[in-house]
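Visitor: Hi! Could you walk me through this one while I have it open on my screen?
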Amino acid sequence: MYRNSVLLGLSSKWWAVILDDVSVKHAAECLENVARRKLRVCVATCNRADYSKLAPIMFGLKSQPELFELEVVVLGSHLIDDYGNTFRMIEQDEFDIGTKLHTIVRGEDEAAMVESVGLALVKLPDMLQRLAPDVLIVHGDRFDALALATAAALMNIRILHLEGGEVSGTIDDSIRHAISKLAHYHAVCTRSAERHLIAMCEDHSRILLAGCPSYDKLLSAHKRDDYADIIKAWLGDSVKEQDYIVALQHPVTTDIKNSIKIYELMLDALMSFNKKTLILFPNIDAGSKELVRVLRRKGVEQHPNFRAVKHVPFDQFIQLVAHAGCMVGNSSCGVREAGAFGTPVINLGTRQTGRETGENVLHVRDADTQNKIYHALELQFGKRYPCSKIYGDGNAVPRILKFLQSIDMSEPLQKTFCFPTVWECISQDIDHILEMQSALAVDLGGTNLRVAIVSMKGKLVKKYTQPNPKTFEERIEVILSMCKQAIADAVHQNCRVLGVGVSTGGRVNPKEGVVLDSTKLIREWAGVNVRTPVSSALHLPVWVDNDGNCAALAEKKFGHGKGMENFVTVITGTGIGGGIIQHGELIHGSTFCAAELGHIMVALEGPECSCGSHGCIEAFASGLALQREAKRLHDEDLLLVEGMSVSNKEQVNAADLIHAAHLGNSKAEAVLHTAGTALGVGIVNILHTVNPSLVVLSGILAKHYEGPVCQVIRQRALSSARDIRVVTSDLEEPALLGAASMVLDYATRRTY
């Protein structure tokens, strides 16, 4: 009967439709019905905190019955009397609770949390199978939510995760990110959270920057006229606006002992501060039982200044936070919702360390004394700050509902991850394990070109030296020849070469491997791409950087800078250079000329520098500057003293000047004093600019300058910078070791 037939792959609830020439209209109607089918959305809420974020979405879903079929599941601490039986507020909001699951194993310790997850996983499959939702919405970072996401993912149910991608600084981070990896769709609050999810390889097209759903309610609700009545109901008739404190402190499950200590100190500080305080019981995490014991042992529930409660309805809690003189504790409400009102907040401990916060939040991360917390209360209480909208603009729910409508139920359920491009992994065969991971290091000096095989521990296995050619083509040819010889020798040394690091004078763009400007000592070396020809010929990754930066990297990996977050290396050789390490990273600058330390001006007038200016450190303290002064003294017959001789055929150099000074030549001593003072003044400028923890003097002149530099620092530095250590490098080959460290630090990483 049907001449032309097409099979439509629709949902399993729809029969395939067979079409012919006269049934197109009927098929279109069928497709329209499929498109109009309600999306069955299951919202699972575990506690009072997540309900405040989920409730606005639930109201939005309920208001559009033609588009959505809402199923409400309640579990976790909602159903526990000690935590206020908060499921009743869901019923008061006139939601039909389809399922109640008792999933909490009491004990309030780590084992109880694990057992609660296991109990939830036992009970959830039956519920999910019965409801058969199209989408499950879960919120945040609670262990209950992890159980929900795990069960739904294994049962092929699509998951929308709210507030993923955020960082707080506790075990919550691990749980939150685990839920994000299980979820198919994400609704995030901030641009930073969105970037974190993208970095975690989540599909950008499935991430919605919505804002926090609770902001949809609180940005308008805190303007209610009855806020004074709410304050009186919870704190008494005599309490006025901005004359009370809201306190809410939860345990940090990775450091319960310290959580208890901070909780005690907080209560002591609040008692001493003598202001009316509304204190909420902590959540059900491991350690909460101990916090409640502390609260009761100190008699907080009977104290005239305290009102201790298990739960406050969210719409009233908003009013209490909005009009408080201060909020104290470690609840996410303090760093999120309170900012919308400009309420002063004191965040105690590390539970919210990674959160984005407004200027209303004062952190007391190391809350180890009552006095610190009391002082913070003195600073914050009664202040008002500008309202912050970091976490939302009041339009999250419409965005989330529109996002739900856009979900294509016919697309594959299997998640895809967007991995960044990475280097080909090195296979972990037995040869790789037995071989010594090594780097080829190349150092281009003004006179010589050196190559070395450098081991992971900084040992120079073998070194090669040749004169540095005068032309670009010859130089690249010699570099490749020496590197190929070193690679061949590495096999016999049982070394696996991971890459090539190149140290060179001049200004370098390390991202592109290009020498932008060269020193006068190396000709035909400006505007040249070093990485491409070397990498193409050797089939190895290549890193290139300035010799001063390489010296700093060498100290960071093998020398005095190992384990240091902030330090400066100053090279004292033919010229003056160096590198700056800040927060564990090398500073290159916007145009790759950071740490040109030799060209810090220390005198408005002074000798001419190789850069064309006058009065630079290099013009006073470099090897070339000392050689210039030695030649001047020699020409004036003022250099040689008893015990010295210089052949007419020999070039007078810096070593002769130093030798003369050691033998008592006052003129030579004056030159070295001026040089040391110039270098010291420059280093004082560095201390006042970047405030490092350590200064490392490197190069052949370093040992001669350490004493004078320390003396200038004692005389001229600010008192806060005078105790910064100055040491002489112990590394014999900083340029080669720094070049090798670029390879060894990056090529051996297993995460990118």
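Visitor: Which strands does helix α6 lie across?
Guide: Helix α6, residues 171-182, lies across β4, β5 and β6 (185-188). Its direction runs at about 145 degrees to β5. Do keep in mind that this is a predicted model.

Visitor: Okay, and what is the strand order in the open sheet?
Guide: The order is β3-β2-β1-β4-β5-β6-β7, which makes 7 strands with parallel pairing. β3 (97-101) and β7 stand at the edges with a single partner strand each, so one side of each has no neighbour in the sheet.

Visitor: By how many degrees are neighbouring strands turned against each other?
Guide: On average by 20 degrees, ignoring direction.

Visitor: Which helix touches β1 and β2?
Guide: Helix α2 (residues 48-62) packs on the sheet there, and it also touches β4 (135-139) and β5 (158-162). The direction of α2 makes about 160 degrees with that of β1.

Visitor: How many bridges pair β1 with β2?
Guide: Strand β1 (residues 39-45) and strand β2 (residues 68-75) pair over 7 bridges, in the parallel sense.

Visitor: New topic: how many salt bridges does the structure hold?
Guide: There are 33. One of them joins glutamate 202 and lysine 415, with the closest N and O atoms 2.8 Å apart. That pair links distant parts of the chain: glutamate 202 is in the loop between α7 (191-199) and β7 (207-209), while lysine 415 is in the loop between α15 (396-405) and α16 (430-434), 213 residues apart.

Visitor: Are those two buried or exposed?
Guide: Both glutamate 202 and lysine 415 are buried.

Visitor: And what does arginine 206 form a salt bridge with?
Guide: With glutamate 411, where the closest N and O atoms are 2.9 Å apart. Arginine 206 lies in the loop between α7 and β7 and glutamate 411 in the loop between α15 and α16, so this pair ties together parts that are 205 residues apart in sequence.

Visitor: Why does arginine 206 count as buried?
Guide: Because its relative accessibility is 14%, and buried means under 20%. Glutamate 411, at 26%, counts as partly exposed.

Visitor: Which residue does glutamate 636 meet in a salt bridge?
Guide: Arginine 632, at 3.6 Å from N to O. Glutamate 636 is partly exposed with a relative accessible area of 43%, and arginine 632 is partly exposed too, with 35%. Elsewhere, salt bridges that share partners join Lys53, Asp141, Glu163, Glu166, Asp173, Arg176, Arg336, Glu337 and Arg355 into one network.

Visitor: Let's do rings. How many aromatic pairs are there?
Guide: A search of the whole structure finds 6. Among them are phenylalanine 273 and phenylalanine 381, whose ring centres are 5.5 Å apart and whose planes are at 70 degrees, so the pair is edge-to-face.

Visitor: Where do phenylalanine 273 and phenylalanine 381 lie?
Guide: Phenylalanine 273 is in helix α10 (residues 256-273) and phenylalanine 381 is in the loop between α14 (370-380) and α15, so the pair ties together parts 108 residues apart in sequence. Phenylalanine 273 is buried, with a relative accessible area of 14%, and phenylalanine 381 is buried at 17%. Ring pairs also link Phe273, Tyr374 and Phe381 into a cluster.

Visitor: And why is the pair of phenylalanine 417 and phenylalanine 419 called tilted?
Guide: Their planes are at 45 degrees, so the pair counts as tilted, with ring centres 6.1 Å apart. Phenylalanine 417 is partly exposed at 33%, whereas phenylalanine 419 is exposed at 64%.

Visitor: What lies over the face of phenylalanine 95?
Guide: That's lysine 62, at 5.1 Å from the ring centre.

Visitor: One more area: how many residues of helix α12 are buried?
Guide: 7 of its 9 residues are, and the helix (residues 314-322) is mostly covered. The buried residues include Phe314, Phe317 and Ile318.

Visitor: Last one, backbone angles. What is the phi of histidine 539?
Guide: About 55 degrees, a positive phi although histidine 539 is not a glycine. Most residues other than glycine have a negative phi. Histidine 539 lies in the loop between α18 (531-538) and β21 (542-546), and it is exposed, with a relative accessible area of 68%.

Visitor: And is phenylalanine 592 buried or exposed?
Guide: Phenylalanine 592 is buried, with a relative accessible area of 19%. Its phi is positive as well, near 65 degrees, and it sits in the loop between β24 (585-586) and α20 (617-621).

Terms used: Residues are numbered from 1 along each chain as its sequence is written. This is a predicted model: local features need pLDDT of at least 70, side-chain atom pairs count only at pLDDT 80 or more; totals for chains, interfaces and linings use all residues. Side-chain values use heavy atoms; hydrogens and water are left out. A salt bridge is a side-chain nitrogen of Lys or Arg within 4 Å of a carboxyl oxygen of Asp or Glu. Helices (H or I, at least four residues) and strands (E, at least two) are DSSP runs, numbered from the N terminus. Buried means under 20% relative accessible area, exposed over 50%, partly exposed in between (1.4 Å probe, protein chains only). Two strands pair if DSSP finds at least two bridges between them. Axes are lines fitted to C-alpha atoms, for helices over the stretch in contact, and angles run from 0 to 180 degrees between N-to-C directions. Contact means heavy atoms within 4.5 Å. Rings of Phe, Tyr and Trp (its six-membered ring) pair if their centres lie within 6.5 Å; planes under 30 degrees apart count as stacked, over 60 as edge-to-face and the rest as tilted. A charge sits over a ring if NZ of Lys or CZ of Arg is within 6 Å of the ring centre and within 35 degrees of the ring normal.
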